[in-house]
Amino acid sequence: MRKNLNIIAAYTIMMGLIILVGIFQSWNVALSIFNMCLISAVMTMGANVQWGYAGLINFGLMGYAALGGLAAVLISVDPVPEAWSAGGFDILICLCLIIAIVFLIRFILKNFEKSKIRTYGIAGIIITGIVIIRITSESGIEAIEAVNPATTGFLGGLGLPIVFSWIVGAFFAAGLAFIVGKVALGLRADYLAIATLLISEIVIAIIKHEDWLARGVKNVIGLDRPVPYEVNLQTTEWFINLVAKFNSGKLELISNIADKQAALNQLVIEGSSVFVKLCYSGLFLIVVIALLIVTQKALYSPWGRMMRAIRDNEEAANAMGKNVVKQHLLIFILGSAIVGIAGAMLVTQDGLFTPGSYRPMRYTFLIWVMVIVGGSGNNFGAILGGFAVWFLWIEAAPISLFLINLFTVGLPETHELKVHLTESVPYFRYLMMGMGLLLIMRYRPKGILPEKIEIK
Amino acid sequence: MAFFEGVKMTGGYGTGPDIINSCSVDVNRGEIVSILGPNGAGKSTAMKALLGLINLKSGAVVIDGKDISKLSPQDRVRQGISFVPQTKNVFAGMTVEENLEMGAYLRDDNYQNVIEEIYELFPILREKRNQLVGELSGGQRQQVALGRALMIKPSVLMLDEPTAGVSPIVMDELFDHIIKVKRTNVAILMVEQNAKQALNISDRGYVLVTGENKYAGTGKELLNDPRVRSSFLGG
Amino acid sequence: MDFLNAIILLLNYIFVPALTYGSQLALGAIFVTLIYGILRFANFATGDMMAFGTMVTILITWYFQSIGISLGVLPTALLAIPFAIIFMIGYMLFIDKFVFRYYRVSKSPPVQLAMVSIGVMFVTQAVVRIIIGPADRRFFDGEKFIIKAGEFKEMTGLNEGLAIKSSQAITVFVTLILVSILFWFLNKTKTGKSMRAYSDNEDLALLSGIDPKRVVMITWIIAGILATIGGALYGLDKSFKPFTYFNNMLPIFAAAIVGGIGNPFGAFLGGYVIAFSEIFITYAYKKFFMYILPESMEPETLVQLLSTDYKFAVSFSILVIVLLYRPNGIFKGKVL
């Protein structure tokens, strides 16, 4: 029990902070922070599975999150039949071509000895492949992108409920992780970090510039929600009654009926947005708790013990007959799949997919700060890291504004320095993240909630 | 009193148990002394103690009558103690000549003549002077390693298993080189696995067992001692 | 004549820009490789350190401009760079003393140092944006062109023009001088050799009496010089925007690894390999073929292997391929 006291205390403080935001700023803000915290927590859990359990560095989190988001688009958006008829055939042919090339290369790799000719041959096949694909796809892509470019201009999706994308996103990410893992996992740690980062940049570049797929930088907006819309709620009887019941004390104080109605309307509008966010919170909480249970079970299972053994002494584990390469690949795929889920959740919540917003700062390095700060190897720590760092990321602006005002209190409002600093408030969050990371790494290198299991 | 001496050294790694216990070795200039013993006897530890790589709990290290027990490894290098590690004992990405220059890093005078002396000692190195050491054969590398250590004109040269992992022919060649070095009036102290061959060229030897001196004597005496023969030299 | 036109076309659109861009990458790549070779970690703060150096250069340039100092036809920034370098060296040594040294002394694994460099990245990025803001800034003054395309056409009577911006010439010129001095230093001086020795085999370097503190300090000093000049040249030629500098870290890493990380000469060449392949692969050759092919065979499409959107992706793909087939880089030979 005493051991868990830290965890309970840390989470109580965290929830307390969010509630304080609810009281002093607004419940809307508090809930949107809470929801993003939950999504961040899922991402950190994915990174933690890779780094904390197995010591694998994955700086490509951004790419997996984006694939999750892509899944959300491809699942929920209605198909665009005009686009399909305009260029779907060409795209399908290209897909077949890509598959054919992959199999051809596999075939060559399997059946021929390693030699210069083989290497050049494969290079030749890839280059001719690219040329052929470009030629065959060009007209199709142009046709697709010409179909009503202001709103569609892409193939569209399957038109299924968006929640399915959380699973599909996991599979997308897992597929990419399989390829990346096959290719890069043999590299030593810092090379792996760089390689995964660059591969994720390639993935983002493709999503950004292949407009036929998901409109690229033109973004997809208005994705269907798994929860009610505010506008609908505001006209729904049971919801209005619910709000009235909740606030009956407040409403009774107002005697004028017109005023009362106006107050009620205001409350309904506020309430509807809080209600929607609560629905998301519920959905996200289910995911977080389910993942937490699974990851905790895995951590304490023989498999988890084996993973830690591999992490702490790869050679010894190898000598004991553990297939390190296979296990690493497996855990790389699992962790990436979790990040993919988070990516899909994020797009579900936002209702829009903006490939341009996937930047390594936000989707790779920030997540890593969360993992390190929270405590790698400890799932509770990882989730806490997601909460604490996201909270700070959002609240950094008000905090730094407060500090600036405190330190420049003697200066007049129009003083150049004060104005300049006030304009720079958004960047103080980077400063806080950096300082936080450096301080934690120096003075509490195992994070706020360190890994508890020590291996003898 | 010998030129270089470790007196009743006791110590181990960090706060761990003592690996060497009241262990004493000494060596004079122009002499080769081998430290032998079974695995885990503390041979390398004794050498590290002499170098200052581990801290002694008791005992002393003395060179030329001066107590250097408190000096750091780098300062011991300045006192003329040179060391050739067992592995990674050359700068593989640098040329032969650059390796020698790095050996002379602490010398401020013109060391060109010292390089010439090394080339006299190991003629093959002159031939390969501009080649990367990583591209040389195992035996040639060991010569570079010896040459680098000799660049400060040491009075004491310590070798950690110089023949580990080289072929028997190269081993003989290397021992020849070590004898050549000894003739330049250097005190040579080495840890060796190939006990028989080492004793053949050694003036004296020590046999350590569990960190303590078990036997000591001239190379010939140890070679002929039936107890040493049966337990360490394979009959 | 058509053949000459085709050559000028390639020179103008591929060779000159790639040579400039390659020089800028090369300086960054040498910076990465030095840190990696001697301090033994991948420095994720590379791009932001370069941004910091550039920012200081810009601030000093503004100051000079405000008091009316200029270099005439040359950009004022060239005068500001030496002062910026001094400041930057101070910054590097400051960071080393308060951040990196602790982990070096306690012999932390390289991964931990890389994580710490991410912390430094965040902080440096914040400082740069707080001081100068995130906006795009141009600070080039002086004569813009050495040869203008129009003048070139008049001079030669060709259809194709060749334009060389003075910022491009300055970039290539300064890079070559700087790199020559650096290689002379590393290969011919005792201190330089001791740095290479330290990078090659740390333990043996210590046994040879090489002072690690000195080696580390000189490494940071060189790093400060490279970061400032590399960043300032990029900013002079293109423009200064903190986010771009952060992004440039990726092709710079690619160049360093392609050249064999820890090998400065490889990093130098790696910069050009990355720059040329990016531009080669994304250039549309339609016009080129129009010059050299008979009219009947002229291409209808752009004849472009990949669209320019994938410029970065090209260098990253090269990197991934190199990592797979030759993890030690494509240039064999000396480390550091």
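Mentor: Helices H4(A) and H5(A) are roughly antiparallel to each other, a label given to angles over 145 degrees. This is a predicted model, in which local features need pLDDT of at least 70, side-chain atom pairs count only at pLDDT 80 or more, and totals for chains, interfaces and linings use all residues. Residues are numbered from 1 along each chain as its sequence is written, while chains are lettered from A and ligands numbered from 1 in the order in which they are written.

Trainee: At what angle do H4(A) and H5(A) pack?

Mentor: Angles run from 0 to 180 degrees between N-to-C directions, with axes fitted to C-alpha atoms over the stretch in contact. Here H4 (residues 81-111) and H5 (residues 116-146) of chain A pack at about 175°, and their axes are 8 Å apart.

Trainee: Which chains share the most contacts?

Mentor: Two residues are in contact if their C-beta atoms, placed from the backbone, lie within 7 Å. Of the two pairs of chains in contact, A and C share the most contacts, with 31 residues of chain A meeting 35 residues of chain C. On the chain A side, H7(A) gives the most, with 12 residues. Chains A and B, by contrast, do not touch, and their nearest C-alpha atoms are 17 Å apart.

Trainee: How many residues of H3 in chain B are buried?

Mentor: A residue is buried if 20 or more other C-beta atoms lie within 10 Å of its own. In H3 (residues 96-103) of chain B, eight of its eight residues are buried, and what covers them includes helix H7 (190-200) of chain C.

How values were computed
Helix = DSSP H or I, 4+ residues; strand = E, 2+ residues; numbered from the N terminus. Parallel < 35°, antiparallel > 145°, perpendicular 65-115°, else oblique. Buried ≥ 20, exposed ≤ 12 C-beta atoms within 10 Å, placed from the backbone.
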